[in-house]
Structures are given as structure tokens and as C-alpha cells.
Amino acid sequence: MNQRLTQLTRRSAIIAASGAASGAVAWTQQVLGPPPHPKGPKVFLDYDQVELDAAYDQTVYEPDIDQAAARLKADSDTVRANLGAPRRVAYGPKEIEKLDIYRTTRQRAPIFIFIHGGRWRVAIAHDYGFPAEAFVHAGAHFIAPDFDWVQDVGGDLNVLVNQVRRSVAWAYHNAASFGGDPARIYIGGHSSGGHLAGVALTTSWKDLGVPEDVVKGGVLLSGIYDLKAVRLSSRSSYVKIDDKTENELSPQRHIDKLKVPVVVMNGTRETPEFQRQSRDFGAAVKAAGKPVEIIVAQDYVHMDSVASLANPYGLAGHAALKMMKLAG
């Protein structure tokens, strides 16, 4: 054994012995998932109520999720320091109905509209500007719309869906005002924003005065695509889902309306329901013979998928740029 290895081995032994003697060093592995509890009646699939509620609460499986969100918020500030402040414009009459446009220098450039997550009840577009730099440098405009928090509109998801739809229609009608190409609009979303983006991708656009193919592709990150389980979970305390809402706003039930390629991504360390939602939706799109790229990100937690959107070589970022033909 060489001298260096002998020193390291001796040092490790001393530290271990010291820790064992003093009780100062104690290693425990954090247990993720629902708390220990007597198994209750099945509520959905094999979940009891405690398990289903935990499966729709990312903090149970990602305890540092708030820290991860704070990092992305700080990254958004850095991006604005690099690019300058986005152009903020109204897409509707309400104060919240505004969007941030991070412009590229290329004229008639493709447009990527990103719908942020936050359980439909937190977060703002200002905190989700962090992917903009990668898109702007690649030659695309990046748009982040704001919309109501669901608890402020009586739990009605239809309000948020209509706001997202109107932000897309605004981008189509006003693309020339910021150098965008109305024929190359793409949409992405994460978590609850992935749900809203999924609804937009299965929308009939004729009532909004835009072409049925106004959106040319979608990137759905760790989203929700069927509301049945959500309706049975603790999220029903602030989201009001009746039969009509469950059916109309569950993208997986309207795959016949999906006419463009989609990327469906989730991480292997997300909650079991966020994994299942992506797995089932991706499989249903594939079974319907529609173009889909399914990305299962090994060892990714919930916030990792959206963080990778900011990297042109990251899983989500590369997939989005490739869809827009801005990456190989």
C-alpha cells in the first residue's frame, strides 16, 4: 500500500472511531413518500387517500423543491441581466393578463410559449424567464404568459385554460410586432403548466380566430393529462373539478384533436402519479399513431426537467430546439 493511500485509510479509521465514540457522526437516509400509516380503503388504483394525496404533493418526494424554485428564480434574474428586461404586453383586459417577450435578433423567428407550473396556485412568469437565454441565442423568441391562480377564480381551471389559449392567439395575431413568425408557434409547459399546455394542444381554435394548426408542436414536462386522480386527491380542496371539467380538460381523452408532434418527459424520481401521468399519456399518443418523443430522465426529480429547458444541451432544452429545427 503506498504512503498516500495509507494516510487516507488511517485518517478514515480515526474519523470513524471518533464519531462512533462521541456519537457526533450519525448517518440517516431520508425516507421519501407518504408517512407510515395503516393502509386505508383504495381511492384510486392501489392508492389509499394518504398515498394519493402524497402522490400529488411534490414536497413529499422532493423536500427541497422550494430551494430548487428559488434557484430558478435567481437564474431568471441573471438571464434578464444578460438579455435585458423582456417586453411586457397585455394579451387581455385583466391586470394579470400580460406576457413577457424575450426577443431574439432574428426576424420572423419561431416563437416558444412557456406555461409555468406551480400547482395552478403559485408562481409568476417573472420567475420563469431562466430558459429564455438558450432560446434567444438559438434564434427563437421566448414568451412567458401570466395567468390567474386558480384559488383566485373560485377553483375554476377553465379560466386559466382560456387565458393560456388567448395568450397563444395574441402571439399569432401580433407576431409581426416583435419579429416573430406566426406560422412557427410552439408551446411548452411544466407540471400544472404541462396540463394547461396539453389542453392547448388539444384545443379547437376556430372560436379564437386562429388556424386550427396555430401551434406546431409541444414540449410537455412532468405534466398532468387526466384529471380523475387529481379530483380525488387533496388538490380538490382548491381546484373545483366536476364531471364536465374532468372530461373537457383531460388532454388524454382528446388525443384525436392532437395534430402536432409532442415531447413528453418525466423523471424517474418524481412522485408515482407524475410518472404515471406522463407514461400513460405518452403511450396513448403513440398508440394513436401520432408523433411523440418520450423522454424518461433517469434520477431526475420534478424540478430537474424544467431546469433542463434552460440548457441547449439539456434533455428538455435540446428536445425543444430540435423540434423548432434550431438544433441538430
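Me: Which residue of β5 is the bridge partner of Ile111?
Reply: This is a predicted model, and the pairing can be followed from β3, the strand of residues 109-115, which is joined to β5 by 6 bridges with the two strands running parallel. Within β5, the bridge partner of Ile111 is Ile185.

Me: And which residue in β4 does Ile111 stand opposite?
Reply: β3 is also joined to β4, by 3 bridges and again with the strands running parallel. β4 covers residues 141-145, and the residue there that stands opposite Ile111 is His141.

Me: How many of the residues of β3 are buried?
Reply: In the strand order β1-β2-β4-β3-β5-β6-β7-β8, β3 is listed between β4 and β5. Burial is taken as a relative accessible area under 20%, and by that cut-off β3 is mostly covered, the count of buried residues being 7 of 7.

Me: Which strands stand at the edges of the sheet?
Reply: The sheet is open and is formed by 8 strands with mixed pairing. Each edge strand has a single partner strand, so one side of each is left without a neighbour in the sheet, and these strands are β1 (87-90) and β8 (292-297).

Me: Which residue in β6 is the bridge partner of Ile187?
Reply: β5 spans residues 180-190 and β6 spans residues 215-221, and the two run parallel, joined by 5 bridges. In β6, the partner that Ile187 finds across such a bridge is Gly218.

Me: At about what angle does helix α6 run to β5?
Reply: Helix α6, made of residues 157-174, lies across β1, β2, β3, β4, β5 and β6. Relative to β5, the helix runs at about 155 degrees.

Me: Why is the pair formed by the rings of Phe135 and Phe142 tilted?
Reply: The model holds 10 aromatic pairs. For Phe135 and Phe142 the ring centres are 5.4 Å apart and the planes stand at 45 degrees. Planes under 30 degrees apart would count as stacked and those over 60 as edge-to-face, so with an angle of 45 degrees the pair is tilted.

Me: Are Phe135 and Phe142 buried or exposed?
Reply: Both residues belong to one aromatic cluster, which is formed by Tyr102, Phe112, Phe114, Tyr128, Phe130, Phe135 and Phe142. Phe135 has a relative accessibility of 0% and therefore counts as buried. For Phe142 the relative accessible area is 0%, and Phe142 is likewise buried.

Me: Over which ring does the charged end of Arg121 sit?
Reply: A charge sits over a ring if CZ of Arg is within 6 Å of the ring centre and within 35 degrees of the ring normal. The charged end of Arg121 sits 4.1 Å from the centre of such a ring, and that ring is the one of Tyr238.

Me: Is His254 buried or exposed?
Reply: His254 is found in the loop between α9 (243-248) and β7 (262-267), where, apart from residues up to four places away in sequence, it touches Thr202, Asn247 and Glu248. Its relative accessibility is 13%, so His254 counts as buried.

Me: What is the relative accessibility of Ser308?
Reply: Ser308 lies in the loop between α11 (302-307) and α12 (315-323). Leaving aside neighbours within four places in sequence, its contacts include Met265, Tyr300 and Leu315. Ser308 counts as buried because its relative accessibility is 7%.

Me: How far apart in space are Lys286 and Gly118, C-alpha to C-alpha?
Reply: Lys286 is found in helix α10, residues 272-287, and counts as exposed at 59% relative accessibility. Lys286 and Gly118 are 168 residues apart in sequence, while their C-alpha to C-alpha distance is 28 Å.

Me: Over which residues does pLDDT stay under 50?
Reply: The mean pLDDT of the chain is 92, and 91% of its residues reach 70 or more. Where pLDDT is low, the predicted coordinates should not be read in detail. The stretch under 50, for which the model has 4 contacts beyond four places in sequence, is residues 1-28.

Definitions and conventions. Residues are numbered from 1 along each chain as its sequence is written. This is a predicted model: local features need pLDDT of at least 70, side-chain atom pairs count only at pLDDT 80 or more; totals for chains, interfaces and linings use all residues. Side-chain values use heavy atoms; hydrogens and water are left out. pLDDT is the predictor's confidence in each residue, from 0 to 100. Contact means heavy atoms within 4.5 Å. Rings of Phe, Tyr and Trp (its six-membered ring) pair if their centres lie within 6.5 Å; planes under 30 degrees apart count as stacked, over 60 as edge-to-face and the rest as tilted. Buried means under 20% relative accessible area, exposed over 50%, partly exposed in between (1.4 Å probe, protein chains only). Two strands pair if DSSP finds at least two bridges between them. Helices (H or I, at least four residues) and strands (E, at least two) are DSSP runs, numbered from the N terminus. Axes are lines fitted to C-alpha atoms, for helices over the stretch in contact, and angles run from 0 to 180 degrees between N-to-C directions.
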